[in-house]
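Subject: Structure handover

Hello,

Here is the structure for your files. My notes on it follow below.

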Protein chains: 2
Amino acid sequence: MSATMQDVAQLAGVSVKTVSNVVNGYPYIRPATRARVEEAIVELGYRLNVSARNLRQGRTGMIGLAVPELSQPYFAELADLVIQAGEDAGVTVLIEQTGAQRVRELEVLHGERRQMTDGLIFSPLALGEEDRTEFAVHYPLVLLGERIFRGPADHVTMANVEAAYAATRRLIELGRRRIAVIGAHPGETVGSAGLRVVGYERALTEAGLPLDPALMGPVVAWHRSTGADAMERLLAAGTPIDAVFALNDAMALGALRALSARGVRVPQDVAVIGFDDVDDARYSSPSLSTVAPGRLQIARTAVELLMARIADPAPGRPFVEVVADFEIIERESTGSAVAAST
Amino acid sequence: MSATMQDVAQLAGVSVKTVSNVVNGYPYIRPATRARVEEAIVELGYRLNVSARNLRQGRTGMIGLAVPELSQPYFAELADLVIQAGEDAGVTVLIEQTGAQRVRELEVLHGERRQMTDGLIFSPLALGEEDRTEFAVHYPLVLLGERIFRGPADHVTMANVEAAYAATRRLIELGRRRIAVIGAHPGETVGSAGLRVVGYERALTEAGLPLDPALMGPVVAWHRSTGADAMERLLAAGTPIDAVFALNDAMALGALRALSARGVRVPQDVAVIGFDDVDDARYSSPSLSTVAPGRLQIARTAVELLMARIADPAPGRPFVEVVADFEIIERESTGSAVAAST
DNA sequence: TCCCGACCCTACAACGTTGTAAAGCACGTG
DNA sequence: CACGTGCTTTACAACGTTGTAGGGTCGGGA
């Protein structure tokens with residue numbers, strides 16, 4: 001089949017190990033020898049057998065990235081960035097989808113794919129704080145998101161409370177007083193939903209505004225359709241509303257649609273702000289104001305942390321928690337830039 | 001570190017090969033022996049070493065999927081489906097991004113990642129018919145898309161001409177006469193752009209409508225922003241237009257935005273139809289009529305074809321070309337379902 | 001002169017698995 | 001009673017690479 005080091009060695013008249021040394025950039029090789037070997041490599045079209053190297057070295061050169069599903073733009077864009085960050089770090093990223101199902105998330109943590117990677121970046125959605133022990137794995141692990149804190153792993157997260165506070169605060173500064181929130185998970189205090197609602201409430205309270213339960217649009221899954229539905233229900237209920245804070249962009253875009261279907265003008269009648277700064281937010285109409293959660297920083301940091309763990313798996317090292325920087329992006333849906341392109 | 005077959009064998013009091021046989025479901029094993037081995041496996045928490053198996057068997061159990069970029073929803077959704085199809089077929093899908101750059105596409109074809117996979121599903125965007133020879137590789141390859149025909153590989157594509165024809169025809173049936181097309185690549189005859197334009201022109205001609213160059217909105221890259229720009233230019237030029245066929249949904253959504261910014265009503269003043277049936281199309285406002293290109297079918301077929309090639313790499317077998325079924329999805333932007341949700 | 005270190009190269013074993021070949025056993029058949 | 005057949009298990013070698021240990025050679029300092 002394809003050429004091995006054996007073949008190259010023979011053709012170049014050296015030992016197999018010398019070929020290996022050339023391939024791996026070992027410095028003490030006579031230029032002449034190196035040249036001969038390289039020539040032989042080209043001539044035979046030799047390619048290193050990754051499986052053999054993996055076996056010998058006990059590493060695979062791959063890291064896993066487990067997300068709920070790629071068809072959600074937030075995760076697709078995250079995956080894009082993680083793949084690139086991995087490339088820069090010299091590793092291949094293997095993407096896995098959990099569908100946000102508990103069994104599949106457990107499978108990701110303990111399943112056979114873990115045999116194929118040197119470490120895992122994991123954004124859990126079904127598993128939570130109560131499953132903390134599941135995360136005590138024997139391979140390098142970096143967690144993303146808000147579901148697990150003080151877990152036995154490094155952790156990259158966003159400033160959910162602060163960012164939600166800032167978003168809501170901005171709406172208040174714009175003179176809005178009846179600010180609905182879409183995407184709350186009633187009773188939840190720990191996931192993105194819970195934390196963002198805390199920020200929302202903090203901003204209202206601080207401004208002396210009441211926390212009106214009629215302004216809460218609960219939602220099961222954070223999709224476009226559920227966002228539209230929640231908005232529908234709020235409108236149908238007749239509660240006066242002059243702004244909406246959607247806990248992610250997908251729901252915000254759904255809400256925009258529901259508002260426009262009802263003939264409600266955005267931002268004149270109702271201002272809308274989302275969360276995620278998905279690519280789409282820029283191109284909806286009206287374009288969507290939102291919170292940019294520092295995706296690039298998250299991707300890079302996660303890969304860096306993981307690579308550090310892989311390089312030095314010393315079990316004693318304390319776990320790191322990194323909070324990414326966020327930014328409020330103001331577009332048309334909050335009215336700061338009215339009427340759009342000339 | 002972790003247990004090997006050696007350890008399991010010792011604990012169960014059998015040979016290594018017997019453990020291997022149990023693990024691989026070899027039938028001729030006494031139930032008692034099998035039980036002892038399985039017990040030992042559980043007790044030691046044994047997991048098969050994939051690298052060793054790969055080395056021994058000369059296969060990796062992975063297939064590659066190379067797409068331009070995951071942040072484009074069409075490809076993210078495709079990747080999602082291919083990963084699932086791979087799962088069903090018992091292989092792991094390794095995603096690679098080319099950024100639609102020529103060098104990176106060549107790298108995907110010939111680079112070292114090909115060492116890590118048993119085959120490749122490749123959707124090229126920079127390479128074309130003229131690079132045909134590059135695709136004559138020595139591993140199983142399935143091509144997606146319209147850039148390469150009669151290449152030396154299996155091929156899964158869509159009925160671009162027919163689908164574009166049907167989409168345009170539908171606009172004509174709705175009484176539209178001044179139908180602009182957004183996304184044309186002037187002079188191109190082979191890629192998705194070229195083919196879809198052919199379908200568009202065929203429909204016009206057949207209906208006795210003129211092919212007005214003023215209705216052509218050329219575009220470099222198929223993004224939301226370029227779609228919006230092209231729409232802008234068409235509107236600014238003042239050419240009368242009563243419908244738009246955007247060659248993909250991203251551009252159609254951009255066009256919707258440009259239209260609404262201008263105060264043009266969709267579908268009353270201008271009907272819009274896209275191509276791809278991206279998830280977003282369902283949730284824009286107005287919701288976007290589009291061509292569903294049979295993504296699921298494409299994903300499944302591609303994986304099937306690839307698996308067949310991997311199972312039987314006989315070089316003689318003629319290359320297959322599969323054309324996926326399409327469907328016209330009518331939503332609000334073409335006016336069939338006016339005014340939206342109750 | 002001898003020895004030490006820097007440089008260059010090599011033989012060997014090992015990583016964990018599976019394919020091959022074959023051995024042992026029990027059973028029934030001719 | 002010899003023999004083939006089906007079942008169950010095993011020893012051995014191999015997949016292609018790299019770590020270890022060491023064998024040379026050469027030049028310079030003691």
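Helices (H or I, at least four residues) and strands (E, at least two) are DSSP runs, numbered from the N terminus. This is a predicted model, where local features need pLDDT of at least 70, side-chain atom pairs count only at pLDDT 80 or more, and totals for chains, interfaces and linings use all residues. Residues are numbered from 1 along each chain as its sequence is written, while chains are lettered from A and ligands numbered from 1 in the order in which they are written.

DNA first. On DNA strand D, the surface draws at least two residues from each of helix H1 (5-12), H2 and H4 of chain A, and from each of H2 and H4 of chain B. H4(A) gives the largest share, five residues. In total, 26 residues surround DNA strand D. The closest are Met5(A), Ser20(A), Asn49(A), Ala52(A) and Thr33(B). By class they are 10 nonpolar, 10 polar and six charged. (Ala, Val, Leu, Ile, Met, Phe, Trp, Tyr, Cys and Pro count as nonpolar; Asp, Glu, Lys and Arg as charged; the others, Gly among them, as polar.)

DNA strand C has 26 residues around it. Thr18(A), Thr33(A), Met5(B), Asn49(B) and Ala52(B) come nearest. Here H4(B) supplies the largest share, five residues. Helix H2 (16-23) and helix H4 (50-57) of chain A each give at least two residues, as do helices H1 (5-12), H2 (16-23) and H4 (50-57) of chain B. The classes are 10 nonpolar, 10 polar and six charged.

Next, the two protein chains. Chain A superposes on chain B by a rotation of 180° with 0.1 Å of shift along its axis, at RMSD 0.1 Å. That is the relation of a two-fold axis. The contact takes 42 residues from chain A and 42 residues from chain B. (Two residues are in contact if their C-beta atoms, placed from the backbone, lie within 7 Å.) On the chain A side, H4, helix H5 (73-89), strand E2 (92-97), helix H9 (224-237) and H10 each supply at least two residues. That side divides into 18 nonpolar, 14 polar and 10 charged residues. The copies meet through the same surface, because 100% of the interface residues of chain A are also interface residues in chain B.

Now the fold of chain A. Its assignment gives domain 1 (5-48), domain 2 (62-158 + 295-327) and domain 3 (160-292). The bounds come from an automatic or database domain assignment. The C-alpha centres of domain 1 and domain 3 of chain A lie 62 Å apart.

Chain A also has an open sheet of four strands, in the order E7-E6-E8-E9, with parallel pairing. (Two strands pair if DSSP finds at least two bridges between them.) Its edge strands are E7 (216-218) and E9 (271-273), and each pairs on one side only. Strand E8 (residues 243-246) and E9 of chain A pair over three bridges. Ala243(A) has Ala271(A) as its bridge partner in E9(A). Helix H10 (residues 249-261) of chain A packs on the sheet and touches E6, E8 and E9 of chain A.

Best wishes

Conventions:
Least-squares fit on C-alpha atoms with pLDDT ≥ 70 in both. Axes fitted to C-alpha atoms, helices over the stretch in contact; angles between N-to-C directions. Near = placed C-beta within 6 Å.
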